[in-house]
Amino acid sequence: MAGRILPQERVADCGRKLMGPLAAVVLGENGAYINGTVTCGSIWMCPVCAGKIAEGRRREVLRCLDAHDATGGDVYMATFTIPHTAFETCASLRKAVANTWKKFQAGSGWRNAKKRYRIIGTIRALEVTHGKNGWHPHLHCLILTEKLSPEHAEELELFIKERWISILERETEKQGSWLYAVDLRKAENNKTAGDYIVKWGVDSELTKAHLKLSKKGGRSPWQLLSDAKSGDKYARVLFREYASAFKGSRHLTWSLGLRDTYDIGPHLTDEELAEMKKPHNGDTVLGTFDKKLFAKIMEANLMPDILTAAEQGGWQAVLRLLQEHGLGYPVRF
Ligand SMILES: [Zn+2]
């Protein structure tokens, strides 16, 4: 669906275009998948790649949180929002939230706060939903501090709210709400904090996304895709607007030096993370398709059925399915 809405983007080729002469059906631990096709690596436009990238990022974040835990430090989870109306564009609101964050983490005000509240670093994730008041870009942020007393933590919360609202009012000429602009709480454990910051991948699983819809009222981009697939033309237009507004934005940002402090290693790109799953030791190649047959399978939109057949009845079931659709015999691996 994303490829149909954005035919000029790489997502249109993701999983649908061959890299070499063959595509292989592989059976892995979590089911069957296709290997040998282009991977787009777009966290914003492709629900399949977004899931894989988020998984990789989540592993890095958890490694960092474990190392931080070992020092006895605290983790605070903060959501930062800006007021918005249905008349504002996705692009302008994304810029406003990104700009406010940039200013929030700059200058002597922040430098002093880092000392005062013993802030070791931050990790922030950018997300967006669309609801009855239009686009709602927001930030989920982890604030890693040394162990704080309850009084000290309370002071930190007030400081963060005050700073976000005053910068937001200065930068955007909007009125910040003390009730809604910032939500800050202490993370109960690392898993909660990890899930909180890399929710994007979880959201990309369309089935779960539907559950979230009823709870929150706003639609995630993946829900827009799902609705577009069910014939919602407006969702199609919204996804297009969102994709062009978010293209090139960074999903997850670590504050300077944090990765080094906890020895997280080099930063892998979205593209590298999206490519990582391909084939694991122990995965079995069931069979392959040549270019011509692969094109016919794509045209008939048969790949989901083929993967299901491969999981349930192996290569024989795939052959039967192809025969039923008059697609002849694939090349044997
Ligand atoms: Zn992709």
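Two aromatic rings of Phe, Tyr or Trp (for Trp, the six-membered ring) form a pair if their centres lie within 6.5 Å; planes under 30 degrees apart count as stacked, over 60 as edge-to-face and the rest as tilted. With that definition, a search of the whole structure finds 11 aromatic pairs. In one of them, the centres of the Trp-101 and Phe-104 rings are 5.5 Å apart and the planes stand at 15°, so this pair is stacked.

Before I continue, a word on the source. This is a predicted model, in which local features need pLDDT of at least 70 and side-chain atom pairs count only at pLDDT 80 or more, while totals for chains, interfaces and linings use all residues. Residues are numbered from 1 along each chain as its sequence is written, and side-chain values use heavy atoms, with hydrogens and water left out.

Let me turn to the overall picture. The protein has 14 helices and eight strands; these are DSSP runs numbered from the N terminus, helices being H or I of at least four residues and strands E of at least two. Its C-alpha atoms fill a box of roughly 70 × 45 × 30 Å along the principal axes. Of the 333 residues, 52% count as buried. Buried means under 20% relative accessible area, exposed over 50%, and partly exposed in between, using a 1.4 Å probe and protein chains only.

Trp-101 and Phe-104 both belong to helix H3 (residues 90-104), where they are three residues apart, about one turn of the helix. Trp-101 is buried, with a relative accessible area of 8%, and Phe-104 is buried as well, at 1%.

Which residues touch the most other members of the largest nonpolar core? They are Phe-80, Trp-164 and Tyr-242, in a core of 57 residues. A nonpolar core is a set of buried Ala, Val, Leu, Ile, Met, Phe, Trp, Tyr and Cys residues joined through side-chain atoms within 4.5 Å. Apart from this core lies another, of 24 residues, including Met-298 and Leu-327. Leaving aside residues up to four places away in sequence, Trp-164 touches, among others, Phe-80, Val-97, Trp-101, Phe-104 and Leu-139; contact here means heavy atoms within 4.5 Å.

The next topic is the metal site. The zinc ion has as protein donors the SG atoms of Cys-14, Cys-40, Cys-46 and Cys-49, at 2.3 to 2.4 Å. Donors are N, O and S atoms within 2.8 Å of the metal (3.2 Å for Na, K and Ca), and sites may look incomplete, since water is not among the atoms. Why is the arrangement tetrahedral? The four donor atoms subtend angles of 104 to 118° around the zinc ion, and four donors count as tetrahedral if all angles lie between 85 and 135 degrees. The sequence spacing of the donor residues is C-x25-C-x5-C-x2-C. Both Cys-40 and Cys-46 are buried.

Finally, I consider the backbone. Most residues other than glycine have a negative phi. Glu-173, although not a glycine, has a positive phi of about 60°. Glu-173 lies in the loop between helix H5 (150-172) and strand S6 (182-186), and is exposed, with a relative accessible area of 75%.

Conventions:
Tetrahedral: all angles 85-135°; square planar, octahedral: opposite > 155°, others 65-115°.
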